Amino acid sequence: MTSAQSIESSNDFVIKFANVNGSGSSSANELFARAVMRMGVPVAPRNIFPSNIQGLPTWYEVRVSEAGWLGARGGCDMMIAMNPQTWDRDVAAVDAGGYLFYDSTKPMPASKFRDDITVLGVPLTAMCNREYTDPRQRQLFKNVMYVGALIALLDMEFSVAEALIVDRYRGKDPLIQANVHALRLGYDYVRAHLPCPIGLTVRRADAVGDRIFIDGNSACGLGAVYGGATVAGWYPITPSTSVIESFTSYCRKFRTDPDSGHARYAAVQAEDELASIGMVIGAAWNGARAFTATSGPGISLMQEFFGLAYFAEIPAVIFDVQRGSPSTGMPTRTQQSDLLACAYASHGDTRHVLLFPENPYECFTFGALAFDLADRLQTPVFVLSDLDMGMNESLCKPFDWDDSRRYDRGKLMTYEDLEAGKDFGRYLDVDGDGIPYRTIPGTHPTKGAYFTRGTTRNAYAKYSEAGTDYVYNMERLRRKFDTAKALVPAPILKKAAQPTRIGVIYYGSTSPAMAEAGALLEADGIHVDTLRVCGFPFCDEIMQFIADHEQVFVVEQNESGQLRSLLINEGEIDPKKLVRVLHYDGSPITARFISGRIADALSDRKISPIRKVAS
Amino acid sequence: MTYLAKPKLLSADAPKNALGYTRRDYEGAISTLCAGCGHDSISASIVQACFDLDIEPHRVAKLSGIGCSSKTPDYFLGNSHGFNSVHGRMPSVLTGAALANRNLIYLGVSGDGDSASIGIGQFAHAMRRGVNMTYIVENNGVYGLTKGQFSATADKGSKSKKGVINSDNPIDLAALALQLGATYVARSFSGDKEQLVPLIKGALCHNGPALIDVLSPCVTFNNHGGSTRSYDYVRQHNEAVNRVEVILPRDPIETSYPPGSLRRVVQHDGSILHLRKLDIDYDPSDRIGAINHLQERQALGEIVTGLLYVDSSAQDMHSHLNTVEKPLNQLGDAYLCPGSKALDALNALLR
Ligand SMILES: Cc1ncc(C[n+]2csc(CCOP(=O)(O)OP(=O)(O)O)c2C)c(N)n1
Ligand code: SF4
């Protein structure tokens with residue numbers, strides 16, 4: 001059933017694994033992705049998994065791209081169809097000319113295939129049943145076996161996958177032997193029975209460089225360790241839980257006192273999100289660096305406390321790994337839909353500092369930076385990641401750290417300052433930047449104590465309902481927010497190859513897809529300047545970018561265009577100028593989607609993107 | 001106006017404690033509560049207890065939720081940092097504070113509305129988590145600040161000021177704390193300073209979650225006939241299981257008590273609780289016995305006061321978490337940041 005025009009591609013294709021949740025396939029799938037990477041070819045894997053533990057369908061998609069495009073591409077050149085439940089869907093998902101790999105223990109009738117794709121059958125179950133007696137082993141090694149088969153089909157180096165297994169199970173020789181054996185069985189079967197390699201191949205390249213491969217949540221946890229966090233209050237929620245798991249495991253490694261074995265950190269699983277943010281606020285009030293990690297529903301629950309931390313001016317760091325919303329939404333799908341809920345969290349005139357990392361490297365750097373900003377500004381700081389970035393491993397720059405860097409603890413009034421007779425007014429704007437000085441409980445026996453509250457007060461923290469005190473405070477908070485503009489990471493501008501009147505604004509995990517979309521558009525003769533927003537409050541460059549372009553597309557992964565709303569609101573921008581490009585079905589946005597929408601919109605509006613260059 | 005400091009008109013011979021502080025050094029702003037509110041008597045007892053124990057005021061962190069009761073931390077220990085958080089959520093804020101610095105003394109003040117309704121979840125979890133704190137509930141059976149609605153501790157059948165009869169069952173916070181694993185549980189009455197002050201002292205010296213449920217009549221909304229939280233009602237139905245005295249290790253007084261009538265309980269910090277037994281059968285080290293005793297007496301319409309339970313070998317949250325001795329908020333960069341070398345090694349593992 002080989003089609004006439006099979007897809008031929010080396011180092012540039014998408015392969016998808018259709019599995020059943022709980023079948024232990026994820027480590028085998030990851031083994032495949034890493035093997036490609038070890039051959040020097042960039043990969044971008046993505047887990048597509050249901051909100052259940054066992055039994056429902058799950059997919060693992062690996063984009064292989066020597067060009068280095070790490071965003072989701074869409075489409076599928078090869079399907080490893082291991083889930084009978086989704087067979088029809090999976091067969092249909094293969095691009096014309098693509099490949100279908102299946103377990104041929106029970107051969108399928110021809111009617112179950114398509115005649116425009118290549119079908120590759122390996123009797124995996126039969127081979128496992130012959131080889132193993134234990135049902136769990138039969139299941140697990142079946143997965144390793146199909147990886148072995150793929151190594152042969154794609155003409156990859158067996159030794160690369162073998163070395164990965166040795167690395168993974170270092171010190172556990174029986175496990176190494178058993179896994180390599182299963183890998184070999186799959187490999188040998190294919191070499192003996194199927195024509196290989198197929199049209200898709202992986203050739204050794206040098207396109208990975210020194211990049212590392214890690215998921216955003218692990219990087220956030222590491223960022224919290226490097227940022228000096230000592231207290232975490234948290235409550236489990238997909239997709240943020242692994243931020244805390246990563247924090248605690250890095251802390252166990254780096255923050256266990258070598259002499260006493262005691263922990264230089266405390267991570268407490270709270271009873272709910274209210275308590276987790278309450279703990280963060282209590283700890284930060286008392287001078288520790290503290291954080292929580294959550295997702296949309298948790299953000300909703302924490303609102304009252306965000307208002308308190310904002311108004312009482314207490315540092316707090318919140319990692320929000322966004323998922324499909326509203327309500328419980330699509331817990332295991334990705335979105336960027338908490339932007340407004342975080343920017344204006346809580347009742348009244350609150351506004352919060354937001355950071356938008358684009359990949360694990362920035363999850364780490366922005367994660368660590370968030371603690372400096374929270375202390376400097378004495379306010380909550382949100383790091384907005386999402387499921388796509390948080391839970392999928394991704395190639396990124398290696399982590400680095402400047403050893404001369406010291407934590408910026410912000411304006412702390414010390415015992416010595418108080419002794420020296422410095423005037424301490426907890427809410428006094430001494431320096432004109434809106435940021436007051438604070439004291440940590442226990443600082444001085446007779447000076448510097450004050451009462452923290454969410455009710456209004458005067459500059460000396462005394463309860464006051466006087467309108468003038470309230471207005472002073474609100475104006476100072478506004479000044480402080482303006483100060484934050486210069487402290488959040490600056491936006492990143494990429495100029496098109498030619499002058500253009502079209503701009504595109506985007507943020508966060510849209511980044512890899514946007515980079516590729518820019519290239520696709522350019523190939524079509526459409527030139528756009530792009531600006532990646534890295535933080536909120538928005539600095540003047542962002543507003544200038546909008547002013548400098550006739551039409552600005554705002555690309556984001558939610559239904560209502562939340563970044564656009566925020567830009568309109570904060571920059572008092574004419575809404576007509578900002579065109580929505582919205583992707584929100586829960587899957588990661590793709591380059592094809594972005595470039596398609598922009599090209600369509602431009603042709604609809606008959607806007608020529610290219611400014612005539614004066615000759 | 002609460003921000004008026006109390007005039008410091010001191011007589012030269014005002015008694016001083018071992019730190020050289022007078023009682024005035026433990027006071028705060030002038031209370032704005034209704035004259036006669038039970039909560040003010042509790043504040044006075046806190047002042048007395050801290051004075052007696054020679055506690056440095058700045059080593060106390062006082063936290064509260066929202067309500068008349070939760071305003072009171074402003075009215076004592078003016079040299080301590082205070083935190084009036086949000087309604088019902090003081091326990092989590094206090095937990096976080098305690099995580100940050102294990103060396104301060106944590107005093108949580110709350111109301112029955114604050115703790116038994118909106119905050120019951122946080123109340124429960126702070127108790128079971130073993131937070132080292134003194135948690136005082138100023139229990140008046142009503143919502144004072146929102147003007148007289150029943151709270152969840154109001155007795156079934158009791159009457160509001162407006163004549164409404166409460167049809168819901170009450171929550172007994174002391175019984176609840178016992179079930180949840182609090183290691184020091186007491187009940188008292190705001191009008192009985194003689195009993196309350198030593199109970200607070202014992203709680204402050206205790207290493208673990210200490211709850212004191214203090215019946216504290218609301219003179220404005222819950223001090224009428226039909227209320228089971230009025231001064232008269234509580235006085236008539238109060239039965240004390242014991243009287244407590246707290247002796248600091250350096251204090252020689254312990255030898256002057258005749259043996260037999262006293263039970264000595266040595267707490268973690270070395271302080272000694274002397275329980276003067278009133279009820280000969282009452283054993284404050286028996287958690288289940290304490291729960292039973294509370295319920296039996298409640299069925300008879302009695303309010304049991306005194307130290308209901310103490311576990312002198314209690315361990316606090318920091319022991320469970322195995323945290324370092326040095327407060328987490330005092331660890332410098334060098335102790336916290338693994339540095340670039342560690343990152344290089346990590347990068348190598350991630351390829
Ligand atoms: C989220 C929230 N809901 C409601 C309120 C209104 N509120 C303020 S104090 C209070 C009740 C306080 O009662 P209690 O804790 O018993 O203290 P008391 O005033 O009786 O001392 C309520 C409901 C609030 N501040 N916050
Ligand atoms: S309303 Fe009641 S609880 Fe509140 S201050 Fe007045 S007497 Fe006290």
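A salt bridge here is a side-chain nitrogen of Lys or Arg within 4 Å of a carboxyl oxygen of Asp or Glu. With that rule, two salt bridges turn up across the interface of chain A and chain B. In one of them, B:Arg129 pairs with A:Glu271, and the closest N and O atoms are 2.8 Å apart. The structure is a predicted model, so local features need pLDDT of at least 70 and side-chain atom pairs count only at pLDDT 80 or more, while totals for chains, interfaces and linings use all residues. Residues are numbered from 1 along each chain as its sequence is written, chains are lettered from A and ligands numbered from 1 in the order in which they are written, and side-chain values use heavy atoms, with hydrogens and water left out.

Now for the interface as a whole. Contact (heavy atoms within 4.5 Å) links 70 residues of chain A with 55 residues of chain B. The buried area, meaning the accessible area (1.4 Å probe) that two parts lose on being put together, summed over both, is about 5300 Å² between the two chains, and carbon and sulfur atoms give 63% of that. There are also 24 residue pairs in polar contact across the interface, both residues being at pLDDT 80 or more. A polar contact is a pair of N or O atoms within 3.5 Å; within protein, one must be able to donate a hydrogen and the other to accept it, and residues adjacent in sequence count only if both atoms are side-chain atoms. On the side of chain A that touches chain B, the largest share, eight residues, comes from α9(A). Helices (H or I, at least four residues) and strands (E, at least two) are DSSP runs, numbered from the N terminus.

One sheet actually crosses from chain to chain. Two strands pair if DSSP finds at least two bridges between them, and β17(A) has three bridges to β2 (residues 81-84) of chain B, the two running parallel. Within this pairing, A:Phe451 sits opposite B:Gly82. The open sheet has nine strands, in the order β17(A)-β2(B)-β1(B)-β3(B)-β4(B)-β8(B)-β7(B)-β13(B)-β9(B), with mixed pairing. β17 of chain A and β9 (238-240) of chain B are at the edges with a single partner strand each, so one side of each has no neighbour in the sheet.

Chain B also holds an open sheet of three strands, in the order β10-β12-β11, with antiparallel pairing. Here β10 (242-247) and β11 (262-266) take the edges; each has a single partner strand, so one side of each is left without a neighbour. Five bridges connect β11(B) to β12 (residues 272-277) of chain B. Across this pair, B:Leu262 faces B:Arg276, and B:Val266 faces B:Ile272. The two strands make a hairpin with five residues between them, and B:Gly270 in the turn has a positive phi of about 95 degrees. Helix α7 (residues 193-205) of chain B lies across β10 and β12 of chain B, at about 50 degrees to β10(B). Such angles run from 0 to 180 degrees between N-to-C directions, with axes as lines fitted to C-alpha atoms, for helices over the stretch in contact.

Over all chains, the salt-bridge count comes to 48. Among them is the pair A:Arg63 and A:Glu516, with the closest N and O atoms 2.7 Å apart. A:Arg63 belongs to strand β4 (residues 57-65) and A:Glu516 to helix α17 (residues 511-523) of chain A, so this pair ties together parts that are 453 residues apart in sequence.
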